[in-house]
Every structure is written in structure tokens, then in C-alpha cells.
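Subject: Structure handover

Hello,

Here is the structure for your files.

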Amino acid sequence: MNRIALIITLTCSLCLLCIGQAQAQRYLLGQKGIQLTGGAVDGFQFRKADGQAFFGGIALSTYTKNGNRWVIGAEYLQKSHEYKDILIPVSQITAEGGYYLNFLSDPKKTVFFSIGVSAVTGYETVNWGKELLFDGATIESKDNFLYGGAVSFEIETFLSDRFALLLNARERILFGSDINKFHTQVGIGFKVIIN
């Protein structure tokens, strides 16, 4: 009895695998995907004294001809700066829109390499607007509106026709910041194709 159940399970599994391979529909014109990404900013430090920096984002990708795509999304970035024995957070909440050019892929359409350029705008807050610190010191940097852009390099690996793993590196330049105009991001993400 167990042998029959095993044969049925294996047969159904193989059928599902073959169906997925026969319908490999990737990077098609008009196809859309939602992606979640996160990672480190300007290097990642585990010790409190070194300051911590991370980002997280969500975006919608719409594919065009030749595997290129438009990306529209939002991102949260936080970098902490040490002051005495505390960390002061600098947070950026941004929106972006950009175009990614697919310049290389394997013959089976499993791995894609892309370069992207994006326009970025948003808001930066230092210590969430609290200027006065515990020891009476005052933060002189103000909250600001940001504008600028980003250049990205991304590797997209399809795990199935609907799910992809993303690895990306990007350099952001945002004018309007009192703290730091350049940020290097390295991250990992996950994309779900929704149509």
C-alpha cells in the first residue's frame, strides 16, 4: 500500500515539474511582478558602537520588450550615528521610478543580469525630529526633502515561473541631505510574478 502511494506521489510531482517547464513564461511584454528587498547600507556592522544601517523596500516591476522593465517602488533606509553611548537614527523614506536594462541572460531564461537607473525623491528625518538630546546637546541637522537618483546592478534568478530571487547592489545620490548624500546598498530580495 505504501509503495502505491509513493508511486502516485512521485508521478504527480513529475507531472507538476514538467508542466512548469513546458510553460516557461519569463520576462514577457506586460508581465508584472511585486518585489520585496532588504539589505545593508554602507557596509553592515553588528556592534552597536560602529553604527547600524539597513534598508527595506517594495516595488512593482512591469516588463517591456527584450526583457527590460520599469520599476516603481518605495524604500525605507536607516543609518545610525554614534553620539557618546547612544545611536542617533537618520531615516530616509523615499519613492522611486526607474528603468532596468537586461544585458545578459542564460539560454534557459533562468538567470538575468540588469543595470538600472532611477529617479528618487523622499524625506529625511534626523532622530525623528527630536533636536534636544539627553545631555542638553542640540542636533543642528534638520529634516529635509530629498531628490536625486540611483544606479543599480541586479541579478534575478527564477526559482520557478512565478518566483525569483534577487541580488542587487546600488549607489544612491540624494541632494538635500545634511548628513550624507551618497549611500551604497547591497541587498537580497524576492519577486512574485502576478500575471
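The structure holds nine aromatic pairs; rings of Phe, Tyr and Trp (its six-membered ring) pair if their centres lie within 6.5 Å, with planes under 30 degrees apart counting as stacked, over 60 as edge-to-face and the rest as tilted. Phe54 and Tyr76 form a tilted pair, because their ring centres are 6.2 Å apart and their planes are at 45°. Phe54 belongs to strand β2 (residues 53-63) and Tyr76 to strand β3 (residues 69-83), so this pair ties together parts that are 22 residues apart in sequence. Strands (E, at least two residues) are DSSP runs, numbered from the N terminus. Phe54 is partly exposed at a relative accessible area of 36%, and Tyr76 is partly exposed at 24%. Buried here means under 20% relative accessible area, exposed over 50%, and partly exposed in between (1.4 Å probe, protein chains only).

The rings of Phe163 and Phe190 are stacked, because their centres are 5.7 Å apart and their planes are at 20°. This pair links distant parts of the chain, with Phe163 in strand β7 (residues 163-175) and Phe190 in strand β8 (residues 182-193), 27 residues apart. Phe163 is partly exposed at 37%, and Phe190 is partly exposed at 38%. Elsewhere, ring pairs link Phe103, Phe113 and Phe153 into a cluster.

A word on the source. This is a predicted model, in which local features need pLDDT of at least 70 and side-chain atom pairs count only at pLDDT 80 or more, while totals for chains, interfaces and linings use all residues. Residues are numbered from 1 along each chain as its sequence is written, and side-chain values use heavy atoms, with hydrogens and water left out.

On the fold: eight strands close into a barrel with antiparallel pairing, in the order β1-β2-β3-β4-β5-β6-β7-β8. The twist averages 25° from one strand to the next, with axes taken as lines fitted to C-alpha atoms and angles running from 0 to 180 degrees between N-to-C directions. Two strands pair if DSSP finds at least two bridges between them. Strand β6 (residues 144-158) and β7 run antiparallel and are joined by 12 bridges; Ser152 has Arg170 in β7 as its bridge partner.

The largest nonpolar core has six residues, namely Tyr27, Tyr63, Phe112, Phe158, Ala164 and Ile193. Such a core is a set of buried Ala, Val, Leu, Ile, Met, Phe, Trp, Tyr and Cys residues joined through side-chain atoms within 4.5 Å. A second, separate core of five residues includes Val90, Val126, Leu133 and Ile139.

The loop between β2 and β3 holds Asn68 and Asn66. Asn68 is buried, with a relative accessible area of 8%, whereas Asn66 is exposed at 69%. The side chain of Asn68 reaches the backbone nitrogen of Asn102 at 2.8 Å; a polar contact is a pair of N or O atoms within 3.5 Å, where within protein one must be able to donate a hydrogen and the other to accept it, and residues adjacent in sequence count only if both atoms are side-chain atoms.

Asn66 has a positive phi of about 60° although it is not a glycine. Lys109 also has a positive phi of about 60° without being a glycine. Lys109 is in the loop between β4 (86-105) and β5 (111-126), and is partly exposed at 40%.

Regards

How values were computed: Helices (H or I, at least four residues) and strands (E, at least two) are DSSP runs, numbered from the N terminus.
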